[in-house]
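Subject: Structure handover

Hello,

Please find the structure below, followed by notes on what was found in it.

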Amino acid sequence: MGTESNLQLKVCGLTVLEQVKELIALKADFLGFIFYEKSPRFVLNHLNPDDISKIDHRGKVGVFVNEKINRIIEIAEKANLDFIQLHGNESDDFISELRKKLNPKVGIIKVFRIGEDFNVEKFYTSVHAIQNDISYILFDTDSLSFGGTGKQFDWSLLEKIEIPLPYFLSGGISEDAIENVKMIKKQPFALDINSKFEMKAGVKDLEKIKRLYEKL
C-alpha cells in the first residue's frame, strides 16, 4: 500500500472531490470524511453521501462525534463507508451496540484523546471491553473541538502503555514531525494528517502531502 516504510496514510477532513481523486492517484490508504456538524470540515456542507459512495476506494472513513447509532448506520450505508471513526465520548456499550447493528464489513476505529489527565487504567478497561468490536485505535490530542487542533500530544506516553491493536497516530502531525515518528518504538500502523496539510479548512495542500510521501 501507498508508502514504502509500511506506514500507511490517512488524509482526514476531505471536502473537495477533485482532491480526493488526486489522493487516490497518490495511493492514500485512508480517506477521512467528517460528519460532525460543528467541524469546519463538515463534509455534508460540500458533498452528499451519494458523492462519497461513488468514490472507488477501500479506505473511506466516516468520522462521527457523539452521533446516534441509527444516524451512523444510515450514513455508512448511503455513503458506502468502509470504516466508522468514533471521535467523541462514545461509551463501551455504545460501541458494542453499534458493532452488532453495523454491516460486518464496516470496521470501527475508536479514538482515544490524550491530554494531561489521560487515565491509563481507564484506557485499559475500555480497550479490554471493546477490542473485539473495533479494528483500530486512533490516538489524538485532547481538545474541546474533538480534533483538528494542529497540536501534538506527548508521544512518549505511547511507549509506556500496552496497545493491543494497530493504531493510527494523529494530532498536529506535520512534515517536520516524520523523523520523530520514526523514533517511536511501538510504530503506528498509520499516520492521520489533517490541519497541517491544508490551505484552508477542508482544502488540502497536495504538494505538502506529496512531500510527506517522499519523506516516508
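Lys 27 sits in the loop between H1 and E2; helices (H or I, at least four residues) and strands (E, at least two) are DSSP runs, numbered from the N terminus. The model is a predicted one, in which local features need pLDDT of at least 70 and side-chain atom pairs count only at pLDDT 80 or more, while totals for chains, interfaces and linings use all residues. Residues are numbered from 1 along each chain as its sequence is written, and side-chain values use heavy atoms, with hydrogens and water left out.

Lys 27 follows H1. The residue is not a glycine, yet its phi is positive, about 70 degrees. Lys 27 is exposed, with a relative accessible area of 54%. Here buried means under 20% relative accessible area, exposed means over 50%, and partly exposed is in between (1.4 Å probe, protein chains only).

In H1 (residues 17-25), the buried residues are Gln 19, Val 20 and Leu 23. They lie on the same side of H1, because they cover an arc of only 105 degrees around the axis; the arc is that of the directions from the helix axis to the C-beta atoms. Their cover includes strand E1 (8-11), E2, strand E10 (203-204) and helix H8 (206-215).

E2 is largely enclosed by the rest of the structure, since five of its five residues are buried. Phe 30, Gly 32 and Ile 34 point one way from the strand, and Leu 31 and Phe 33 point the other way. On one side of the pairing, E1 and E2 run parallel and are joined by two bridges. Two strands count as paired if DSSP finds at least two bridges between them. Lys 10 stands opposite Phe 30 in E2. E2 (residues 30-34) also pairs with E3 (residues 60-64), in the parallel sense and over four bridges. There, Leu 31 has Lys 60 in E3 as its bridge partner.

A closed barrel of eight strands runs E1-E2-E3-E4-E5-E6-E7-E8, with parallel pairing. From one strand to the next, the twist averages 25 degrees. Axes are lines fitted to C-alpha atoms, for helices over the stretch in contact, and angles run from 0 to 180 degrees between N-to-C directions. As background, strands of a sheet pair through backbone hydrogen bonds, either parallel or antiparallel.

E5 is mostly covered, with eight of its eight residues buried. Gly 107, Ile 109, Val 111 and Arg 113 are on one side of E5, and Ile 108, Lys 110, Phe 112 and Ile 114 are on the other.

Helix H4 (residues 92-101) lies across E4 (83-86) and E5 (107-114), and runs at about 165 degrees to E5. Its buried residues are Phe 94, Ile 95, Ser 96, Leu 98 and Arg 99. They pack against helix H3 (69-78), E4, E5 and helix H5 (120-130), where contact means heavy atoms within 4.5 Å.

Two asparagines in loops may also be of interest to look at. Asn 66 is in the loop between E3 and H3. Its phi is near 50 degrees, a positive value in a residue other than glycine, and Asn 66 is partly exposed, with a relative accessible area of 41%. Asn 80 is in the loop between H3 and E4, and counts as partly exposed at 43% relative accessibility. Leaving aside residues up to four places away in sequence, Asn 80 touches Ser 53, Lys 60 and Ile 75. The C-alpha atoms of Asn 80 and Pro 49 are separated by 8.0 Å, and the two residues are 31 residues apart along the chain.

Finally, the protein as a whole. It has eight helices and 10 strands. Its radius of gyration is 16 Å, close to the 17 Å that the globule rule gives for 216 residues, so the protein is as compact as a globular protein of that length. That radius is taken over C-alpha atoms, and the rule is 2.2 Å times the number of residues to the power 0.38. Buried residues make up 55% of the 216 residues.

Regards
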